[in-house]
Amino acid sequence: MTILIPILGDQLTHDLAALRDAPPSDAVVLMMEVADETTYVRHHKRKIALILSAMRHFADELRGRGWTVDYIRLDDPDNSGSFTGEVARAVERHRPSAIRIVEPGEWRVKMMIGGWAKRFGIPVDILVDDRFLCGILEFQTWAQARNDLVMEYFYREMRRKTGLLMTADGQPEGGQWNLDKDNRAPPKHGLNYPEPMHFAPDETTRDVIALVAERFAGHFGRLEKFALPVTAGQARRALAHFVRTALPDFGTYQDAMVTGQDWLYHSWLSPALNLGLLTPLEVAGAAARAYHAGDVPLNAAEGFIRQIIGWREYVRGYYWMEMPDVAAANALGATRPLPEFYWTGETDMLCLAEAIRNTRDHGYAHHIQRLMVLGNFAMLAGVRPQDVADWFLVVYADAYEWVELPNVIGMSQHADAGRLATKPYAGGGAYIDRMSDHCGRCRYDVKQKVGPDACPFNALYWDFLARHERRFRRNRRMVHMYSNWDRMKPEVRDAYRANASAFLDTLEPAAVGWAK
Ligand code: FAD
Ligand code: DLZ
Ligand code: SF4
């Protein structure tokens with residue numbers, strides 16, 4: 001009896017649970033390029049090209065391994081446009097006795113799959129996605145035993161569980177769990193920034209790029225110079241290249257920003273990881289091995305591994321625990337529409353213009369650009385968190401709701417009232433000036449506090465603290481900020497607030513239709 005195994009676009013892993021115990025002779029793998037997925041938001045062109053190319057390569061590799069793959073292309077005239085519609089057609093074609101699928105990454109798709117058993121009248125076996133190190137239920141059990149979620153404690157559990165950077169007697173390597181105090185150095189002159197490994201598009205990728213250029217011409221972003229890894233083999237080479245060339249300095253300069261330098265020492269592995277071309281254990285394991293071989297310092301290996309087995313797993317657990325309500329969360333009552341310049345990049349604020357240029361050109365911006373520039377500005381300006389979330393889901397090649405939404409709603413907009421992060425990630429111009437070389441080249445003056453040439457982040461920062469004083473004044477991590485506010489003369493406070501208000505009045509709201 002045939003089993004139908006649908007594999008979704010972000011499940012491109014040869015060791016996927018659904019493929020593991022099924023003999024290829026008894027199964028048909030179904031892969032579907034569908035309009036619903038390519039347009040539920042108007043994804044960056046590069047993101048669509050990446051996913052479709054990686055899906056096509058994966059299907060070819062599966063065939064090479066003896067699997068029967070029923071592959072539905074986007075331009076197939078009979079394509080129904082949805083996962084459910086395509087599974088329905090496949091059930092007609094193959095008459096399977098059962099469907100086997102790995103749990104999807106997104107709530108929306110989980111709801112869809114939940115209706116399949118009744119609709120098709122056959123069992124639907126939904127398997128745990130064990131590519132993640134922490135299961136959804138395991139996370140919930142961990143979280144329920146605590147009043148507050150603290151990533152650091154979760155991360156230590158993951159270190160113990162994986163044994164990564166642990167000594168034989170169960171202690172953290174180097175005696176400390178977290179070496180962040182050695183990280184976060186500002187950029188300095190004379191640093192050499194390695195380029196991520198580039199992969200020239202083959203015929204499959206070129207076909208997909210042509211399809212995307214034609215069919216999604218109105219979507220945000222550029223397709224030129226597409227160079228992302230689209231197979232597991234390429235992704236492994238990109239990982240090895242990163243470990244060799246960039247990881248040694250990853251920790252130290254993790255929070256730096258430099259004009260015209262799009263990756264610095266970051267890995268740009270998130271698109272491959274989130275598609276399944278790499279697994280988290282494989283990536284974190286490579287960093288740990290480099291440390292043990294003496295090739296990278298502990299602060300770099302630890303800082304990098306923490307992002308993968310700590311933050312990445314943590315936000316996924318949070319997503320499944322907090323959905324669906326968290327998608328609508330708006331604890332700070334923000335109502336402003338997203339400014340148009342998030343789409344056009346047309347702003348005199350150089351830090352924002354740079355982050356948006358990087359985003360448009362590559363479907364990429366590194367973490368501090370996302371958090372302390374793009375996210376920070378939106379939060380300070382009081383932009384509606386759902387507008388911000390839509391933007392982030394569209395514009396990044398690594399964006400899937402399970403990872404994007406917690407980062408936006410929880411980490412960057414504080415819209416969940418501090419469930420994910422106890423303090424809002426708010427910063428004024430001084431932070432950006434310390435961590436980047438942008439301010440010296442900007443039309444605004446970061447040192448000026450108010451006036452037409454003053455850096456807008458300065459007034460917006462104090463205005464934000466003033467607007468939300470009742471909520472944040474008693475936050476232990478914000479005492480210092482409010483004591484600075486208290487020390488200001490009333491006329492200085494008033495000038496900040498008036499300046500913020502005048503600046504906010506100049507923001508043009510985004511035209512409808514960019515995101516959805
Ligand atoms: P590196 O700096 O090299 O880090 C290594 C890896 O750690 C990343 O590839 C990623 O897999 C993981 N990682 C690091 N930080 C996080 C985090 N906060 N959450 C989850 N994983 C993390 N990441 C996504 O994969 N998809 C998203 O849609 C996404 N949206 C974000 C939105 C906002 C507002 C913020 C603040 C962060 C977001 N992140 C997202 C997290 C992080 O910014 C990206 O994972 C990272 O910038 C990807 O680039 P990199 O591979 O060079 O990362
Ligand atoms: C994001 C995306 C896009 C753009 N296109 C497809 C597609 O055509 N077929 C597919 O299987 N998956 C696609 N994806 C990824 C899915 O949206 C993702 O697998 C689900 O949301 C589950 O996380
Ligand atoms: Fe950004 Fe202000 Fe610096 Fe300009 S001066 S780059 S707006 S922080």
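## A guided tour of the chain

Begin by colouring the chain by its domain assignment, which gives domain 1 (3-127), domain 2 (136-196 + 246-313) and domain 3 (341-505); these bounds come from an automatic or database domain assignment. The model is predicted, with local features needing pLDDT of at least 70 and side-chain atom pairs counting only at pLDDT 80 or more, while totals for chains, interfaces and linings use all residues. Residues are numbered from 1 along each chain as its sequence is written, and chains are lettered from A and ligands numbered from 1 in the order in which they are written.

**The sheet**

Select the five strands of the open sheet, whose order is β3-β2-β1-β4-β5 with parallel pairing; helices (H or I, at least four residues) and strands (E, at least two) are DSSP runs numbered from the N terminus, and two strands pair if DSSP finds at least two bridges between them. At the edges are β3 (68-72) and β5 (124-127), each of which pairs on one side only. On average, neighbouring strands of this sheet are turned by 25 degrees against each other, direction ignored.

Next, zoom in on strand β1 (residues 3-6) and strand β2 (residues 27-32), which run parallel and are joined by four bridges; here I3 stands opposite A27 in β2. Then show α3, which packs on the sheet, touching β2 and β3, and whose direction makes about 160 degrees with that of β3. Such angles run from 0 to 180 degrees between N-to-C directions, the axes being lines fitted to C-alpha atoms, for helices over the stretch in contact, and two residues are in contact if their C-beta atoms, placed from the backbone, lie within 7 Å.

**A loop residue**

Now select I122, which is in the loop between α6 (116-120) and β5. Not counting residues up to four places away in sequence, I122 touches P96, S97, A98 and I99.

**Ligand 2**

Move to ligand 2, where 16 residues are around the ligand and L8, G9, E33, E37 and G105 come nearest; a residue is near a molecule if its C-beta atom, placed from the backbone, lies within 6 Å of it. The elements giving two or more residues to this shell are α2 (35-39) and α3 (45-64).

**Between domains 2 and 3**

Select domain 2 and domain 3 together, whose C-alpha centres lie 25 Å apart, and look at the contact, in which 17 residues of domain 2 meet 19 residues of domain 3. On the side of domain 2 that touches domain 3, helix α12 (residues 270-275) gives the most, with three residues.

Ligand 1 comes next: its shell draws at least three residues from each of domain 2 and domain 3. Among the 28 residues that surround ligand 1, the closest are H266, S267, S270, Q307 and E404, and at least two residues of the shell are supplied by each of α12, α14 (298-322), α17 (367-381) and α19 (401-412).

**Ligand 3**

Finish at ligand 3, which has 13 residues around it, with M349, C351, C439, C442 and C455 coming nearest. Two or more residues of this shell come from each of α16 (350-362) and α20 (429-435), and the largest share, three residues, belongs to α20.
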